[in-house]
Amino acid sequence: MNRQRRTIVPKKYAESSDLSDDDNAEELEEVKPRHKAKKNGIGKMFHRNLEAVIRSPTSAEVEQAKKNVQYGIETLNQIERELKETRARLANLEQRQEAVQRDLDLNRSIASNLRSIPDDIFSLIFEYYVESDTWASPWVLMGVCRQWRAAAIQARRIWSRISVTHAVHTSQRPHERTRLGYEICHTVPLLERALDRAAGAPLHLCFNFGHSPHSNVYGDKDMISRQLLKVLQETKAYLRIYELETKSTSTDWIKNVEFDGFEFPALEKAWLTTSSKSLNERIKKTSSRLRWLNLGISPGDALDWDLSGMPRLVDLWLSGGSGRVSCGIEMVEMIQSSPCLTDLKLWHVKLAPLPGDVSLSIPSLLTLEFYDAEIECKLDLPSLRKLAINLSMFPSSGSVPLVFPALTTLVIKDCETGILPHIRASGPLKFDISSFAALESMMMKIMDDMILPGQLSVRGLCLSTHSISPESLSDFLSKVPDLEDFEFQGSIISPKIFFADLVGHSLTAKTNSANRDPICKSLQRFKLGVSLPLSSSNTKAMMRWFEAAMKIRKKGRHPIKEASYYDGDAWISVL
């Protein structure tokens, strides 16, 4: 497209005599623009400005422009003065707002109902706060206000956790008062002040006289240990030790510490080791109210404990530390000497076969837990209701089944294949099975050795794993006809297949007529907890098939009453 070119038309000039004297400007040749200028809007304004630029301004226009400049400067100065005044007024208003807000907060705090709460009620609240959280420090409460400080000082029980030590952790500066909820007392003045503040309250003492590479000792540790124990012994007249703990990275330190003259008549909980000979003897003789005992067994130490003098002991926890400690008849005699034992935990121990027909017999025991244990002796537990087996072995259980007539709950976690015990129970059981590696093989072992021979009747089942195939899960549940409560924690590979087996037909079929009998006909409650985020595609698919299957099952011949899934905060029903 060719652009139209502008043309220059020559103009005929008149003679010079014909020119007016008032016209001093020369006549130029007229330039015709290519486009006509618009008579309104932007085009008109552009044309006007263009004319002003092309021609020289007249004297009148120059004077008017100077007046406009002066007026613009004066107007701009006026605007700046108004802005300055407005900013000053705004700053003044903000200061007034802050002052009024402070006064409002003060008056609200004065008129608050918290002001009318008595200090003894505050003390009870503080005690609950400290006892419910082992990391809680009463010094945090002291820094809120004067009323809280006064109430915290009166609350004796919140100052009852005291750590008696001669060393301070390197990550803690000397002036820090507490760590892990304990008030650390590594000097005599600190211990005396802590005991005065907690006077009359049941104490939770932690003896930690061991020296680790991550701690600093201020002074001679043996002398400091003797001085601290002397302070405790001198105040034993009003000292009520409710909980006692011996804590350290090494147990050698307590062998040389003497506790002669100490008495623990109010002691109810104790964390001890077999290395603390002197302390253990004093507890045996003076702790008739002991209810809970955690005893760490050191290799080579004898279990010469007689629990008959502790008639209130109901919870016993024996632990061999990092490796399995071999024990025999002396452990059995120790356990059986407790007349009212109801809860027993055996961790990291190897209980060898007992001579003759001797068995571990505890008529009053209700709960038994094995963790990383090897049990080869017979068990006679007629009242046992809950048995938990975690990473444990029962080599001789193949020939001698374990009979528990009153058993109602069986928990099996991460046990190796081929070492599960043969268990027999009279009534229906609730199974809790979890494994991160070999859940399917463990399920088949339980099915072959426990359920199929008719030894166990399963009414409740909880499975926990990372993932499981639908065929294995369906096959296992099909052999549990009496199952009423089922909870699954984990992920199902191809969940559509499993939920189709649960309803008895394909979930994508146009008709709901059952092609086969569904598994778990007696199922009443189903809980599903997924291990993957709810936003993942696998989880969304599993939740979609779960909801569809539960709705079909509710309307079928074998209706289910409750079905829900866990969203991370609460159980959500799908029915």
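Does Ile497 count as buried, partly exposed or exposed, and at what relative accessibility? Before I answer, please keep in mind that this is a predicted model, in which local features need pLDDT of at least 70 and side-chain atom pairs count only at pLDDT 80 or more, while totals for chains, interfaces and linings use all residues. Residues are numbered from 1 along each chain as its sequence is written, and side-chain values use heavy atoms, with hydrogens and water left out.

Now to the answer: Ile497 counts as partly exposed, at 39% relative accessibility, where buried means under 20% relative accessible area, exposed means over 50%, and partly exposed lies in between, with a 1.4 Å probe and protein chains only. Ile497 is found in helix H12, residues 495-503, and here helices (H or I, at least four residues) and strands (E, at least two) are DSSP runs numbered from the N terminus. If we set aside neighbours within four places in sequence, Ile497 is in contact with Pro470 and Glu471, contact meaning heavy atoms within 4.5 Å. The C-alpha atoms of Ile497 and Ser474 are separated by 8.9 Å, although these residues are 23 apart along the chain.

Beyond its neighbours within four places in sequence, Phe486 is in contact with a set of residues including Leu461, Leu473, Phe498 and Phe526.

Next, the strands. Strand E5, residues 203-208, is mostly covered, with 5 of its 6 residues buried. Strand E1, residues 161-165, runs parallel to E5 and is joined to E5 by 5 bridges, and 5 bridges also join E5 to strand E7, residues 241-246, again in parallel; two strands pair if DSSP finds at least two bridges between them. The bridge partner of Arg161 in E5 is His204, whereas Cys206 stands opposite Glu245 in E7.

Elsewhere, an open sheet of 3 strands has the order E11-E13-E16, with parallel pairing. Its edge strands are E11 (325-327) and E16 (374-375), each of which pairs on one side only. Strand E13, residues 349-351, pairs with E16 over 2 bridges, and Leu351 stands opposite Ile375 in E16.

Finally, the aromatic rings. A search of the whole structure finds 13 aromatic pairs, where rings of Phe, Tyr and Trp (its six-membered ring) pair if their centres lie within 6.5 Å, and planes under 30 degrees apart count as stacked, over 60 as edge-to-face and the rest as tilted. One of them is the tilted pair of Phe126 and Trp148, at 5.3 Å centre to centre with 55° between the planes. Because Phe126 lies in helix H3 (residues 119-132) and Trp148 in helix H5 (residues 146-154), this pair ties together parts that are 22 residues apart in sequence. Phe126 counts as buried at 3% relative accessibility, whereas Trp148, at 22%, counts as partly exposed.
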